Structures are given as C-alpha cells and as structure tokens.
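Here is a short note for someone opening this structure for the first time. Please read the points with the view beside you.

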Amino acid sequence: GDPLYVKVNKLSSTKTQLPYDFYYLKYCKPSKIVNNAENLGEVLRGDRIENSVYTFEMREDQPCKIVCRQKLDADSAKNFKEKIDDEYRVNMILDNLPVAVRRQRRDGSQSTTYEHGFRVGFKGNYAGSKEEKYFINNHLSFRVMFHRDTETDAARIVGFERLAFLGSGLSSIGYRLSSDQLTYVIIVHCVALVNSINHEYKEWDEKNPQVTTCNKDTKNLIQGSTVPQEVDAGKEVVFTYDVTFKESDIKWASRWDTYLLMNDDQIHWFSIINSLMIVLFLSGMVAMIMMRTLYKDIANYNQLETQDEAQEETGWKLVHGDVFRAPINYGLLCVYVGTGVQIFAMSLVTMIFALLGFLSPSNRGGLMTAMVLLWVFMGIFAGYSSSRLYKMFKGTEWKRITLKTAFMFPGILFAIFFVLNALIWGEQSSGAVPFGTMFALVCLWFGISVPLVFVGSYLGFKKPAIEDPVKTNKIPRQILEQAWYMKPIFSILIGGILPFGAVFIELFFILTSIWLNQFYYIFGFLFIVFVILIITCAEITIVLCYFQLCSEDYHWWWRSYLTAGSSALYLFLYSIFYFFTKLEITKLVSGILYFGYMVIVSYAFFVLTGTIGFYACFWFVRKIYSSVKID
C-alpha cells in the first residue's frame, strides 16, 4: 500500500543522439514539474529526471487507470510524428530502476534481453490502404517485480518492465505495420496486451473520467473492434495504464543483473588473448634488444675495442654526444607530457573506483562526475611533470609553461564542447548543458585545476634538475640520409597500429554503450585492456626508438611521443567506419555532434598514449647510455 512514484527521464534516440525533455511532447503533466537531476554527470549526459502522473501502490494491482485526455494541436501532432520517425524512446525510472522492454534474442535462443525505454509510437497503415499513418503508444502495461522478505513480509522492488503487445493480435486489430515495426513486434517478449488504443467514452467528466475501452473490470484490452490511437491534429488522445505486481526470487543486490546481462563475454576474452599475443611478441623484441644492447654491445664497448669494430657493431653509441640535446619546441613537448600525465592519472584512478563498484550504472552520472572531478584534482601532477622536464632542458620561463599546461588542452576541449553545446541548444534538445553548469565547469577549471597546476609546477621546479648520463656536444652531429622505412612519417604511422590493435575490440563496446544507449559496466575487462595498452605503447616505442638510434638519428624526443600517439589517428578512422556501418544517423547536427565528440576522444587518446610512449623511450635511452663508459 505504500506509494511508488514513477519518474520520467529524457526521450532518447540512437538515430539523432539528441535527447529531449519528456514534457517536450504533449504527455500528461503533474500540477508542478520538479527536476530531480542529482549530480553534474547527469546534467552533462542530458538526463532530466522529473516527476510524473504515474503513481502505483505497492503490491496492489491496478487493472486499467485513466491518466488524462489531451487534444493534439498541429504543433504537438507534428512533434509526436517527428519523434516517431526518429524512433525516440521514453525512459522512465522507478526506485532507481529504468523501465525496460523485454525482448527475445534474434538467434532463437531462450535467453531474454532488455531494451531501455519504450517507443513513443510506430508507423503503419490500415488494411486495404496504402497511406502511412502514425500511432501513439498511449496505454502502458507495467509489471513490477518484487522480492519478499520471508521473515518481515517487507518487499523490495527488483524489476520494472513495460509489457509489449502480442504479434498474433495484429490481424484482429485490423491494421498492418511497416516492415521495421513488424520486426520490432516479433523480437519483443510477447504479452497479450496492446499499447496503442483509440479509447471510447460517452461523456467526459474531468473529476471522474470513464471510458468504455478501459475500466476497472477490463481484463483483456484487445477486442475484435479495437483500433490503435492515431496521431493527427485535432485528435483526442486518452492516456491510460495498468500495473501488475509479481513476486520474484531475485535478491535486491542482484536486481541490476537483468539490465547488465552480457551475452558476449567470449568476445572480450578473445580480445584480451589477441592483445596478449601482441604484447608477447613486442616483449620478446624488447628483451632481445635489451640483451643485445645492455650485454653484448656494452660489454664490447667497455672492453675498449677498436672504434671501427664498435661502429660496425652498433650505430647508437655514435650519437651519445647528441642524444640528450633539447629538441625543437621543447616547451610544447613539456606541456603535452604534463597533460598526458594528468589524463593517465585520471584514467587510472577512475578505473580503480569503477573496479571497486563505486561507478556502477545504477549510480547515474557517477562515472562522468568522477572523471571531471579527478581531472581537476590531477592538475598537480601535470604541473609537476611538465616543470621537471622543462628544467631538464634548462628552460627558464617556467611560469609560461605552467600557464600553457593549465590552459592548452582544457581550452581546446572547452572550445569544441561550447560549439557542440550551441548546436544542441539550437535544436532545443535537453542535452544542452545549462549556463549554470557551464559556469560551474569554468569555476572548477579556474578555481581548482589552474592553482593545482601552479602548485605542482612550483614543486617540480624547486627540485634539482634531472642530470643527463652523458655530456652533450656543443656542435650538433650531422644526420645521415635515412632509409625510406626509417623516415619519420612511415615509422610514426607504423607505431600506432599495434596499440590500436590491442584495444579496438573493447573500443567497439565502449562506442556501442555511448552511441547506442547501452550500459557499459565491464570495468574488469577494461582495466586489463588498459594495462595491455600501456605495455604495448611502451614496447613499440622502445623498439622503434632503438632502430632510430641505430641508424644514427638522435631526434627521438618528439618521434617517441608521436609514435605511440599516432594510434589516435587509427581510433578516429575506426570511429568513421563505425559511423557508417553501425549508426543510422541522418541529421547533419547529429553527425557533427558525433564527429565533434570523437575528435575530443581521439585528441585525449593521442595525448595519453603519446605520453606513455615518451616516458618509456626516455627511460630506455637513459638506461642504455648510462650503462656505457664514454671516453
């Protein structure tokens, strides 16, 4: 008998990627609409959680309840038709559980999966007519599963479904569905209830509305004469619902398992095995190089063999006087390395929190909030690492480098985000971040992140400079003509293939969760893949750096960063492939949104992988040159 309040979330579509407020369409409204969005992440995701007119009483079935009557004017009918065309789905929440439509697997197996939300409506045509009509899902049949505590007789909600209508009832309704809607009917879990009903009444009483097609005695809504509710200007739509409660064996702690049912864990294991093969291959190469370099080469060189023999053996020792020469634009390199450390620290801590279960999908917006806050607080590491590197290059303008570290990467991201947000705002979508939230983000950036970068920079610059293991010659050595396969562009592009190859299967699941409105929660797999990415980036950079030094080219600083960072180019190319093969986006604004966000993701991935590659190469070069005696 306790009241249960259903909240409504955004209308979402995988075809447009533009969320809308539930009350953007002419649905039944409560007397006062209250926004219940709880955190920064929810606002950034476009979630607009509000109260609704749907109220249940615990464990008390309601056979057929009338909500309200709405008369559609030209504008509201047009809005409904547009949302039906774009396959928008309504998202509702009860006791923090999203509404789901149960559907059967296409492969004929007995297991069921759940779709998020339910469609606004569908298109079809009456028997004997070719004219396509729009129909609205105005009757909702809810089933609430609960788990009863045998000792206290108290009950907790463990499931919230909206039942879909039965395919076999179509002939009796007397209308045909379009082919894509028919597919939808077949794959949805079948229950003998209909969603679209043209309700009939004799006289409308606002205080106690009664309709002949839906009342407390209604057992079966589908009759031989039942017709669906058409959407058109001037039409009246009566919104109704019914609720059934069903006892379940599912424990409260496991109630999210149905939403997170994973059918393809084998693919993840194959992905990890494939990535491990790449890692083993690269580890073997690195081990061989280290053995050859640190034992054979160094032993021979330290035995003071003739210079000719040493030169014939290896070429990397010949550039010892230039290998630690500061590169061109070393200030910019310091900025990018510092930013990369910030992204790495944020990613690592976020993943650890996710592994421990703090950021599960039931904590809506938690992942986004955690990432924004961690990014802000990790500014101290960005400042520290950029200033340490800058001091090693004997730079003096540490304040300028600190400012660039604090503003460059976030500034580029914020500019792209601002333009995309303006486009969303122009479409009147609820996905547009409000001015207040935008101001809060700027305050986090200027009020916490920037000062922390300066604190880190100050601490880093106070420490003594990193000493080079060998002295740098005053006159730069001339670099010989390089073979075509050692040219910068070729080796940089080759270097990005393996890190991308190690992560691209997991990337598919991440893109699917972002753009196809799925839950992503397999953080255990993601963490393993992240570790594999770090090892792959480090090893491929060391291997290519060694070959470069052997061919007497000592410009390795930027090359090491770009070698690993080029994997971001393949990530962006894959996102283009994904766009054309998996998504059904047709609107220009939606396409711009997709590619705008993928540019941001690719740019962040470039900075992250580039930094990993740079530090691996930095460690390797210092290691091999500190192991040789230089006369």
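**Notes on the model**

1. Start with strand 11. This strand is mostly covered, with 9 of its 10 residues buried. The model is predicted, so side-chain atom pairs count only at pLDDT 80 or more.

2. Which strand is joined to strand 11 by 8 bridges? The partner is strand 14 (residues 236–247), and the two run parallel. To find the pairing on screen, look for V144, which stands opposite F245 in strand 14. In a regular strand, side chains alternate between the two faces of the sheet.

3. H139 belongs to strand 11, which spans residues 139–148. Is H139 buried or exposed? H139 counts as buried because its relative accessibility is 0%, and buried means under 20%. The H139 side chain has polar partners. Another goes to the side chain of S141, at 3.5 Å.

4. Now turn to a hairpin. Strand 9 (residues 121–126) and strand 10 (residues 133–136) run antiparallel and are joined by 4 bridges. Within this pairing, K123 stands opposite Y134 in strand 10. The hairpin has 6 residues between its strands. In the turn, G128 has a positive phi of about 85°.

5. Next, the nonpolar cores. The largest has 95 residues. Which of its residues touch the most other members? They are L549, W556, W557, V621 and Y625. Helix 17 (residues 588–626) gives the most to this core, contributing 15 residues. There is also a second, separate core of 51 residues, and F22, A100, V120 and F160 are among its members.

6. Leaving out residues up to four places away in sequence, W557 touches V323, F324, R325, P327, L333, M392, F393, F614 and F618. W557 also belongs to a cluster linked by ring pairs, together with Y330, Y390, F393, W556, F614, Y615 and F618.

7. Aromatic pairs come next. A search of the whole structure finds 57 of them. F353 and F358 make an edge-to-face pair, 5.8 Å centre to centre with 75° between the planes. F353 is partly exposed, because its relative accessible area is 36%, and partly exposed covers values between the buried limit of 20% and the exposed limit of 50%.

8. Y561 counts as buried because its relative accessibility is 0%.

9. Two lysines are placed over rings. The charged end of K83 sits over the ring of Y20, 4.2 Å from the ring centre. K391 lies over the face of F461, at 5.4 Å from the ring centre.

10. Last, the whole chain. How many helices and strands does the protein chain have? It has 17 helices and 14 strands. Of its 631 residues, 52% count as buried. Consider contacts between residues at least 6 apart in sequence: 81% of them join residues at least 24 apart.

Conventions
Residues numbered from 1 in each chain as written. Predicted model: local features only at pLDDT ≥ 70, side-chain atom pairs only at ≥ 80, totals over all residues. Heavy atoms only, no water. Buried < 20%, exposed > 50% of the residue type's maximum accessible area, 1.4 Å probe, protein only. Polar contact = N/O pair within 3.5 Å; in protein donor to acceptor, adjacent residues only side chain to side chain. Pairing = 2+ DSSP bridges. Core = buried A, V, L, I, M, F, W, Y, C linked by side-chain atoms within 4.5 Å. Contact = heavy atoms within 4.5 Å. Phe/Tyr/Trp six-rings, centres within 6.5 Å; stacked < 30°, edge-to-face > 60°. Lys NZ or Arg CZ within 6 Å of the ring centre and 35° of its normal.
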